[in-house]
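Here is a short briefing on one structure.

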Amino acid sequence: MTGSRAARRRWRVRDAREEDQPRWRALYRQYADFYRVEQSDAAAATVWSWIRDPAHEVGCLLVEDETGEVAGLGHYRPFARPLSASTGCFLDDLFIDPDHRGGGAVDALLAELRGRAAVNGWSVVRWITADDNYRGRAKYDQHATRTMWITYDMTP
């Protein structure tokens, strides 16, 4: 759904519930496919177990339309920021079903995360995206300031 039909939607953002697992899994599979990442069912089950464990640091927001259809997800977690002696929020994964893009779902999800960051006293909400994710980057530029930091991955 794109264009004016999508724009008329009203979005609600909430925490994932047990009954959301099938739709969450479908969205998470699409997310992995988007980034061309091989993701086993076992790995996804591990992530879902983290989401469902109140003691685990990973949280999951789902954005749904007025009919209750879940259109997107966001996985986030707090992280220590020693240099500023504060705690930030890292948005690990953000994905909106392509059929629901352009209607404000990502805006609603990011607004909810910003609100949670304020409530929790987190000093920043940070995320990374692929350099060639032009559509996503255009949207993110509306919500946050792009940094000049370069990310490295080191294999143990």
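A cavity is a set of grid points where a 1.4 Å probe fits but cannot get out. By that rule, this predicted model has 1 cavity of 30 Å³ or more. A pocket, by contrast, is an open set of points. The largest pocket has a volume of about 1100 Å³.

**The cavity**

- The largest cavity holds about 60 Å³ of space.
- Its lining includes the run Leu91, Asp92, Asp93 and Leu94.
- Strand 4 (86-96) gives the largest share of that lining, 4 residues.
- Trp127, Ile128 and Thr129 also line the cavity.
- Three tyrosines, Tyr31, Tyr35 and Tyr140, complete the lining.

**The pocket**

- The largest pocket is lined by 31 residues.
- Nearest its centre lie Arg126, Trp127, Thr145, Arg146 and Thr147.
- Helix 4, strand 5 (125-126) and helix 5 (134-143) each give two or more residues to the lining.
- Trp127 lines the largest pocket, and Trp127 also lines the largest cavity.

**The nonpolar cores**

- In soluble globular proteins, nonpolar side chains tend to be buried together.
- Here the largest nonpolar core has 19 residues.
- Leu61, Val63, Tyr76, Leu91, Leu94, Leu110 and Leu113 touch the most other members.
- Strand 2, strand 3, strand 4 (86-96) and helix 4 (105-120) each give two or more residues to this core.
- Helix 4 gives the most, with 6 residues.
- Leu110 touches Leu91, Leu94, Trp127 and His143, leaving aside residues up to four places away in sequence.
- Of these contacts of Leu110, Leu91, Leu94 and Trp127 also line the largest cavity.
- A second, separate core has 15 residues, among them Trp24, Cys60, Leu62 and Val70.

**Helix 3**

- Helix 3 covers residues 41-52, 12 residues in total.
- From first C-alpha to last, helix 3 reaches 16 Å, close to the 16 Å expected at 1.5 Å a residue.
- Which residues of helix 3 are buried? They are Ala44, Val47, Trp48 and Ile51.
- Why do they lie on the same side of helix 3? They cover an arc of only 100 degrees around the axis, which puts them there.
- An α-helix has 3.6 residues a turn, so residues three or four places apart point the same way.
- The cover over the buried residues of helix 3 includes helix 2 (21-34), strand 2 (59-64) and strand 3 (70-81).

Note on methods. Residues are numbered from 1 along each chain as its sequence is written. This is a predicted model: local features need pLDDT of at least 70, side-chain atom pairs count only at pLDDT 80 or more; totals for chains, interfaces and linings use all residues. Side-chain values use heavy atoms; hydrogens and water are left out. The expected span of a helix is 1.5 Å times one less than its number of residues. Buried means under 20% relative accessible area, exposed over 50%, partly exposed in between (1.4 Å probe, protein chains only). The arc is that of the directions from the helix axis to the C-beta atoms. Contact means heavy atoms within 4.5 Å. A nonpolar core is a set of buried Ala, Val, Leu, Ile, Met, Phe, Trp, Tyr and Cys residues joined through side-chain atoms within 4.5 Å. On a 1 Å grid over the protein atoms alone, a cavity is a set of points where a 1.4 Å probe fits but cannot get out, and a pocket is an open set with protein on both sides within 12 Å along at least five of seven lines; lining residues have an atom within 4 Å of a point. Grid points are joined across faces, edges and corners, and a volume is the space filled by probe spheres set on the points.
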